[in-house]
Amino acid sequence: MTYPEVPVPIHFYVMLATLLFCVGIYGCLARRNAIAILMSLELMFNACNIILVAFCQRHGVTFTLQSFSRAQDIESPVGQIYAIFVITIAAAEAGVGLALAIAAYRHFKSINMDNINILKW
Amino acid sequence: MELGLIEKIFKYPETLAHWIVLLPFLSFAFITLKLVINRNVPLKPRLKEKPQKDPNLPPPAWKSYIWLIAVLAVALAFLGIRGGMREGIDINIAGWVQWIVGIAVLVAVFWPNNSRQWIQKYGPYISVAAIGIGAVIATSLWLKTVSIGVYSNPGLPDSAWQQAFSYHWFGFSDFNIDIGLKLDGFGVFGVWMVTVVAMCIQWFSLGYMWDDEYGRKHIARYFAEHSLFATGMLGVVLSDNILTFLIGWEVMGLCSYLLIGFFTHKPSANAAQLKAFITTRIGDVGFMLGIFLLGLMYTYTGFPISLNLDDIQFVATHFDWWGVNLGWLPTAAALLILMGAIGKSAQFPLHVWLPDAMEGPTPVSALIHAATMVAAGVFLVARFFWLFELSPTAMLTVAWIGAITAFGAATIGVVQYDIKRILAYSTISQLGYMMIGLGVGALSAGFFHLLTHAYFKGLLFLGSGAVIYGCRHIQDIRYMGGLSKKMPITYLTFLAGTLALAGIFPFAGYWSKDEILAGAFNLAKNGYQRYIELGGDLYRVQVIEPNMGYLVIWFLGVAGAFLTAFYMFRLISYVFLGPNQNYKFRGPQSPDWGHHPATEADTTAYKAWPTPPGPFDHDGHEHADAEPKEVPKSMWIPLVILALFSLLYGLMGMPFMGERNLIANFIHHGHPHFPVMDGLTIGLMIFGFAVALFGVSVGLMINNTEWGAAYKDRLKEKYSGLYRVVYNKYYVDEFYEEYIIQPFFFLTQVARTFDNYVVDGIVNAAGWLTWQFARFQGWWDNTVVDGIVNGVAWIVGFFSDMVKPVQSGYVQNYMIVVIIFVLFYLLTLFVR
């Protein structure tokens, strides 16, 4: 049997992304381990990626690409491109964050965020 | 044409005239430098026998050739000078002087004998030699002047002579200072007198100072100061401009200060030197103001300002000729210049320094009183006679001051007992005569008396020095007596001087004093006329009208002449005649102290000396040679020279010489005025001689006969009040003490009180106020300014304390804040 191609409603995506984002926020705020916080940050990035890709697919712009002999209608892949950028940056951020964590560990002999509070008045 | 030095001295002495001034100065400079350079080298005791040098030892190399270097230097200098002369090169004398002074310095520095002994031994001879060479040149100069002036020219060829010596010293714009020599009659006769008298005095000093313990130690300093003194006087006499005149004048003031206080250990000498300096200084202020007035006169003309005496005279006298009324200017200038002369020449109001100046060594008194210091004042008036001539007031002031001084000082001299003080008062008196001569217009007579007086007063002071030397530093004439047998040469020479001073024919003083008195008489009879030459015609201006009242001046002079003869022969009879009263000398405590009550003045001489003088040594034991003894040859030869001058010098100015009268021929202003021998003049001469003889006989009788002594005592009883007044010198010193010095001290007290309380009060009050203000300012700064600053900081701190917990350092806190704000932002998006 074939089912009619019913698109997944957009609020599903939004709800998923929101949940994921809130989980990330919660992890960022509640966890004391620096590694866990980095992981939570990754969750928030991914929630954003979901939003980007979902909205691009549903509300994306369609434009005509003029080639040599023919014209072709294509959908804009901006959301996906952004998502890939975000993933790249998230990877770089994870590298920097882990390096920081290692440096903090070397300095404080700990990566408990409660111990790392010297940058203040 | 080449001339040797000796030939030059006697043929062209005018080309060497500057050396008369320079040589004493060089000797002064040399001795002083040597003393200063070697000041730290102690005096070694002289060894009786020099240690024999080892003949095998070679001498130090450089020392053995120093004579060669010296000879070569001298030879080179001579060759240079002679070569320059042969080539007709004008040799710059001033340049040579600098070289010679420089060489003297070098010699003084590098002389191998590096001790004070050398200069102590030879310095005096250098000094005497310098002034002696000057005397030779001056004598030759005088001879040439006289021979040219009398036998070929009516006057001096002075303009031609003087041009040779005018030397441009310095100048700016049209103010130029040319210094040079003025070899007119005043200069030539004066310089001859100064050099001869100074030479004799220095010669005498050799023995006199060597005899004194202190003087022997400081003999080089003594002769250096002596040389400088002579330099100053020679500068005054020979100057052709006011500047060098003033320099010489002030040098003399300095040297009188130094020499009067030569015995630095005597407090009385220190007081006397200060008194002399300050008193003459008072006069010098007037002198300088007078010079400034003369300068003011130049502002009325278009002439470039000149300090030359001839130029000033030309301008001032031509003003008068042109009929321009100078008003008060000549009178004021003349009176101010007279102030200087009064101070220097010890005239009446300022005469007080001169008797005190007796504290110096006796030859110094001779120098001050005869040749240099006091003569300078009279010389000043004679030099500026053209100025006094313009103002009858000034002339009469000079005459009256002279008359008062001549008579008053003579009366004081009558009652003194200190041999030097008697001579000091006679000096003041004789200077008064010179002033009379100048004041009544008898210029040549006044200057003639200056010259003769220099010779015989120098002689008298040196004679008194010889007496003091012979009597072991006793100065009170009551304890002398009978010295004519002990010291015959001193007696005869002293007698010659005394006869000259008393005015006995034919000694020098007779001619000069008589001419002054004749001049004073002439003033009363004819007044004074000034001569003006205009366009070849001679005009006569009556300056002072004849007035019989001026006979008072003449009378005071005659009375002074009588007193002079009297007190001088009183002195002779005390010192040289009668029995020797040296045995009386047992000190002030002795009952033998004499029939006069001992006063303070009597004991001054004894107090002044650190050891009891007289024929007793420190322990009171009698010396073996306690008897007065004749002075050695080196001391009586100068006496004889001066005695010859005292005898013969007056012959130059005999009034019946007519046109051949050397004094009237050369010492004049304008046209020479030769004395006319009429009945009146001859009568006055005889009268003057009679008065002098009367004084001599009274002076001899009053001490040497019994009835004379009794009469003297009776007179003294009868006029005891007058005697006391005169004995105390008319209380002039006391008057000054009471009415000038004490008020001055009072003024200083007032000034000190004012200073202590008012000025210091203001200063302290200012200080106190500053302090108080500073305290307030400190409080303000600490409290208010710092309070504001600290308050701002506190407020900032307070708020920062409030705010800073926000920055906790926990990253998650910041994140919460960010999230809260983001949520808040989102809320604002939705709630609209």
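In the predicted model, L642(B) is in contact with C200(B), Y455(B), G458(B), L459(B) and L462(B), neighbours within four places in sequence being left aside. L642(B) belongs to helix α27 of chain B, which covers residues 633–648. The residue counts as buried because 32 C-beta neighbours fall inside 10 Å, the cut-off for burial being 20 or more. Between L642(B) and P675(B), the separation is 33 residues in sequence and 27 Å in space, taken from C-alpha to C-alpha.

One of the contacts of L642(B), L459(B), also takes part in the packing of helix α21 against helix α23 in chain B. Helix α21 spans residues 443–470 and helix α23 spans residues 488–502; their axes come within 9 Å and cross at roughly 145°. The crossing of α21(B) and α23(B) is left-handed. On the α21(B) side, the residues that meet α23(B) are T452(B), F456(B), L459(B), L460(B), G463(B), A466(B) and V467(B). Their counterparts in α23(B) are T490(B), T493(B), F494(B), A496(B), G497(B), T498(B), A500(B) and L501(B). By class, the residues of this contact comprise nine nonpolar and six polar, with no charged residue. In the loop between α23 and α24 (508–526) of chain B lies P506(B), which is joined to F505(B) by a cis peptide bond with omega of about -5°.

Chain B as a whole contains 33 helices and four strands. Of its 832 residues, 44% count as buried. Contacts in chain B between residues at least 6 apart in sequence were also examined, and 79% of them join residues at least 24 apart.

The largest nonpolar core comprises 223 residues, and V197(B), V378(B) and V381(B) have the most contacts inside it. Helix α8 of chain B, residues 185–211, gives the most to this core, contributing 18 residues. Another core, of five residues, lies apart from it and includes A17(A), A47(A), I51(A) and A83(A). With neighbours within four places in sequence left aside, V381(B) is in contact with L338(B), A341(B), F388(B), V398(B) and L438(B).

Helix α14 of chain B runs over residues 329–344. Its 16 residues reach 23 Å from the first C-alpha to the last, close to the 22 Å expected at 1.5 Å a residue. Because 14 of the 16 residues of α14(B) are buried, the helix is largely enclosed by the rest of the structure. Just after α14(B), A346(B) adopts a positive phi of about 55°.

Phi of K729(B), a residue other than glycine, is near 60°. In the loop between α31 and α32 of chain B, Y731(B) is found as well; this residue is not a glycine either and has a positive phi of about 55°. K729(B) is buried, with 22 other C-beta atoms within 10 Å, whereas Y731(B) is partly exposed, with 13 other C-beta atoms within 10 Å.

Contact between the two chains involves nine residues of chain A and ten residues of chain B. The side of chain A that touches chain B consists of seven nonpolar residues, one polar residue and one charged residue.

Methods. Residues numbered from 1 in each chain as written. Chains lettered and ligands numbered in written order. Predicted model: local features only at pLDDT ≥ 70, side-chain atom pairs only at ≥ 80, totals over all residues. Core = buried A, V, L, I, M, F, W, Y, C linked by C-beta atoms within 7 Å. Buried ≥ 20, exposed ≤ 12 C-beta atoms within 10 Å, placed from the backbone. Helix = DSSP H or I, 4+ residues; strand = E, 2+ residues; numbered from the N terminus. Contact = placed C-beta atoms within 7 Å. Axes fitted to C-alpha atoms, helices over the stretch in contact; angles between N-to-C directions. Left-handed = near helix turned anticlockwise from the far one by under 90°. Nonpolar A, V, L, I, M, F, W, Y, C, P; charged D, E, K, R; others polar. Expected span 1.5 Å × (residues − 1).
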